[in-house]
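Subject: Structure for you to look at, with notes

Hello,

Here is the structure I said I would pass on.

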Amino acid sequence: MPKRTRLTTWRTLATAATAALTATLLTPVTAHAAPRESRPVHSYDNAIREAVWVDTGLDEERDGRTDRVAVDIVRPREPDRRGRKVPVIMDASPYYSCCGRGNESQKKTYDADGDIERMPLFYDNYFVPRGYAVVGVDLAGTNRSDGCVDVGGRSDIQSAKAVVDWLNGRGKAYTSRTGTERARADWTNGRTGMIGKSWDGTIANGVAATGVEGLETIVPIAAISSWYEYYFDQGAPLYDSGPDWLSQYVETPEARAACGAVQRELVEGAPRTGDLTPLWTERDYVRAAKKVRASVFLVHGMQDLNVRMQHVGPWWDALAENGVKRKVWLSQTGHVDPFDFRRDAWVRTLHRWFDHELLGFDNGIDREPMADIERAPDRWVTSAVWPPRGTRLTTLRPAEGAEPGVGTLGLRRGKGTESFTDDPGLSETDWAARVDTPTPDKAGFVTGPLTRDLRLAGASEVTVTTTPSTPTAHLSAVLVDLGPATIRDYADSGEGVTTLPERTCWGPSTDGDSSCFKETRATTADVGHTVVSRGWADLGNHAGDGRGEPLTPGKRYTLTLDLAATDHVVPAGHRLALIVAGTDRGLIDPPADTPTLTLDLSRTSVRVPFTGGPSAFARATAGTHALTPHAAPDGVGRPDVTAHRVPGEAR
């Protein structure tokens with residue numbers, strides 16, 4: 001949809017829809033007042049619970065029969081009796097039977113007739129009484145669906161898109177997995193919102209990138225925007241595994257037996273070289289952002305080391321360039337759902353978002369600040385737009401200091417060289433703790449103590465010119481806030497939250513589906529530094545064409561590392577550091593060799609998005625300020641990322 005049309009429909013939708021909804025919709029209203037909030041006026045206990053199987057039009061099993069995906073539905077009975085149509089909230093997931101959803105790993109359960117008894121998470125308990133249908137889709141190859149898991153490719157995305165088409169009268173569905181009796185979605189107006197965390201949210205991104213009609217909004221939580229960036233960062237491998245392992249992890253035994261051809265395609269199309277192949281291009285939703293018609297409410301943890309913040313910046317920017325209406329929450333957590341770090345505000349905000357986008361209520365959420373950012377545990381601020389107005393990339397340059405490997409960072413171009421030797425046993429935590437000490441494993445460059453707060457918002461980039469000593473080399477670059485702080489302990493097993501025994505309830509319950517979930521609280525740590533942003537690359541990818549090549553020892557190469565988007569304030573008295581090193585233990589895999597790399601400081605720089613631009617940095621580094629002591633962190637440990645990481649498994 002053209003940019004002008006999308007921006008216009010945001011307001012006109014509410015105007016047109018409100019007129020119709022006032023007379024016919026689900027919430028009692030006066031004759032002269034438009035509804036502003038849907039109310040729980042329908043029975044959850046008496047809701048219609050049913051299952052259909054939607055034809056995807058694909059034959060991934062190659063058995064001569066098109067695949068059908070299972071769709072479990074919970075919807076209010078009262079509108080159905082009156083012939084009133086309801087909108088849909090949909091979560092398409094591969095996890096409903098293998099791994100579970102949410103903090104308590106809930107799985108779907110069924111009654112004796114095969115209809116849904118427990119739909120995981122709170123969505124059905126809360127929204128069905130308010131006049132929404134809630135739909136849980138089993139991705140192809142999982143739970144009760146046919147087909148094969150292809151990890152973000154055609155089969156995954158078509159699993160959910162076909163359901164949106166059926167909800168809008170364009171697809172076919174059946175009352176059983178193999179039968180011929182047709183099922184019709186005559187109970188819905190087709191207006192659909194997709195939501196989900198991690199892989200589920202990734203599917204929402206992918207379906208939105210098809211431009212399917214009827215998908216009005218998506219709420220991707222800790223979601224992938226490009227599957228290449230889940231496995232690699234500029235050629236540097238992030239995990240010692242590929243999508244073939246992940247598909248087998250979630251597939252049913254029947255799918256594993258039938259999907260050998262798809263498995264081979266995943267292996268052959270995703271070589272561990274880190275080359276950008278057609279398989280990865282197909283799974284890059286950022287490239288298709290121009291097709292997105294749905295509004296986007298994005299939620300992500302700035303310390304998420306599973307689905308990393310590299311998935312936020314390019315997607316957010318591409319949506320902006322194409323005029324997509326957006327909203328964002330950025331937390332201090334790792335891979336955590338907002339239901340578990342800001343529950344009350346999340347449910348309230350999500351309710352208003354769906355009311356606006358799916359029911360057309362003019363509740364003002366479109367006129368509120370675009371971004372909510374967690375500055376400290378449970379302390380949130382807002383921005384009217386994000387990144388905030390006046391944010392501009394500022395070029396900072398490293399320079400030699402009094403000791404080897406301990407340099408300065410400022411606006412003036414440096415000279416000379418700094419060298420370090422890759423040590424795969426060390427991580428960003430180790431480097432930052434010893435940034436003021438010469439060590440052979442890293443080069444660190446630090447500003448003086450700031451005289452005023454300095455905010456950076458968005459994505460940074462580090463350009464290095466370096467000479468390797470070996471045919472292979474990996475690079476890491478991190479921005480670090482040096483100074484004491486209390487932060488969420490994202491390296492803890494809970495990734496910033498602790499689960500409590502107490503429960504709170506979010507809607508009515510039935511014997512088979514409770515609306516009551518365990519509470520959480522922030523897990524905090526007192527630290528001496530905070531890693532603000534990270535980026536990695538294989539130096540063999542210096543050409544930027546998506547293919548790596550062996551290096552010539554002794555030859556100079558220039559490469560730009562893309563650092564993840566973030567939003568962070570470096571307080572007065574703290575210092576900002578740039579660290580360049582080799583393998584970041586636990587976050588990328590090491591190269592085949594153990595290289596020594598020599599940086600040409602005159603041709604090395606970092607571009608940082610400061611609010612206020614270069615003048616803000618100049619003011620913050622002018623004059624003198626008492627140095628805030630920098631101590632080794634005693635609360636956040638070394639990030640622990642296992643070789644076979646699963647998007648969405650942990651929390």
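Buried here means under 20% relative accessible area, exposed over 50%, and partly exposed in between, with a 1.4 Å probe and protein chains only. Helices (H or I, at least four residues) and strands (E, at least two) are DSSP runs numbered from the N terminus. This is a predicted model, in which local features need pLDDT of at least 70 and side-chain atom pairs count only at pLDDT 80 or more, while totals for chains, interfaces and linings use all residues. Residues are numbered from 1 along each chain as its sequence is written, and side-chain values use heavy atoms, with hydrogens and water left out.

Helix α9

Helix α9 covers residues 260-269, and its buried residues are Ala261, Val262, Gln263, Leu266 and Gly269. An α-helix has 3.6 residues a turn, so residues three or four places apart point the same way. The buried residues of α9 pack against α7 (243-250) and α10 (278-282), where contact means heavy atoms within 4.5 Å.

Pockets

Pockets were found on a 1 Å grid over the protein atoms alone: a pocket is an open set of points where a 1.4 Å probe fits, with protein on both sides within 12 Å along at least five of seven lines, and lining residues have an atom within 4 Å of a point. Grid points are joined across faces, edges and corners, and a volume is the space filled by probe spheres set on the points.

The largest pocket holds about 930 Å³ of space. Its lining has 39 residues, and those nearest the centre are Glu229, Gln234, Gln310, Pro314 and Asp562. Two or more lining residues come from each of α6 (227-231), α10, α11 (313-321), β16 (391-403), β20 (454-458) and β26 (557-562). By class, this lining has 16 nonpolar, 15 polar and eight charged residues. For these classes, Ala, Val, Leu, Ile, Met, Phe, Trp, Tyr, Cys and Pro count as nonpolar, Asp, Glu, Lys and Arg as charged, and the others, Gly among them, as polar.

The second largest pocket has about 380 Å³ of space. It is lined by 24 residues, with Gln332, Arg375, Ile487, His568 and Val569 closest to its centre. The elements that supply two or more of its lining residues are β14 (371-376), β22 (474-488), β25 (524-538) and β27 (566-570). Strand β22 gives the most to this lining, with six residues.

Disulfides

There are three disulfides, each a pair of cysteine sulfur atoms within 2.5 Å. With the bonded cysteines numbered in sequence order, they pair 1-2, 3-4, 5-6.

- Cysteine 98 and cysteine 99: the sulfur atoms are 2.3 Å apart. The S-S torsion is about -90°, so this disulfide is left-handed. Cysteine 98 is partly exposed at 29% relative accessible area, whereas cysteine 99 is buried at 16%.
- Cysteine 148 and cysteine 259: S to S is 2.0 Å. The torsion is about -85°, so this disulfide is also left-handed. Cysteine 148 sits in the loop between β6 (133-138) and α4 (154-167), and cysteine 259 in the loop between α8 (253-258) and α9, 111 residues apart. Cysteine 148 is buried at 0% relative accessible area, and cysteine 259 is buried at 1%.
- Cysteine 505 and cysteine 516: S to S is 1.9 Å. With 100° about the S-S bond, the link is right-handed. It runs from strand β23 (residues 497-505) to strand β24 (residues 516-522), its cysteines 11 residues apart. Cysteine 505 is partly exposed at 46% relative accessibility.

Salt bridges

The count is 33 salt bridges, taking a side-chain nitrogen of Lys or Arg within 4 Å of a carboxyl oxygen of Asp or Glu.

Glutamate 60 pairs with arginine 154, the closest N and O atoms being 2.8 Å apart. Glutamate 60 lies in the loop between β1 (48-55) and β2 (68-75), and arginine 154 in helix α4, 94 residues apart. Glutamate 60 is buried at 8% relative accessible area.

Arginine 488 and aspartate 378 form a salt bridge, with their closest N and O atoms 3.0 Å apart. Arginine 488 lies in strand β22 and aspartate 378 in the loop between β14 and β15 (379-383), so the pair ties together parts that are 110 residues apart in sequence. Arginine 488 is buried at 1% relative accessible area.

Finally, a network of salt bridges links Asp72, Lys108, Asp138 and Arg144.

Regards
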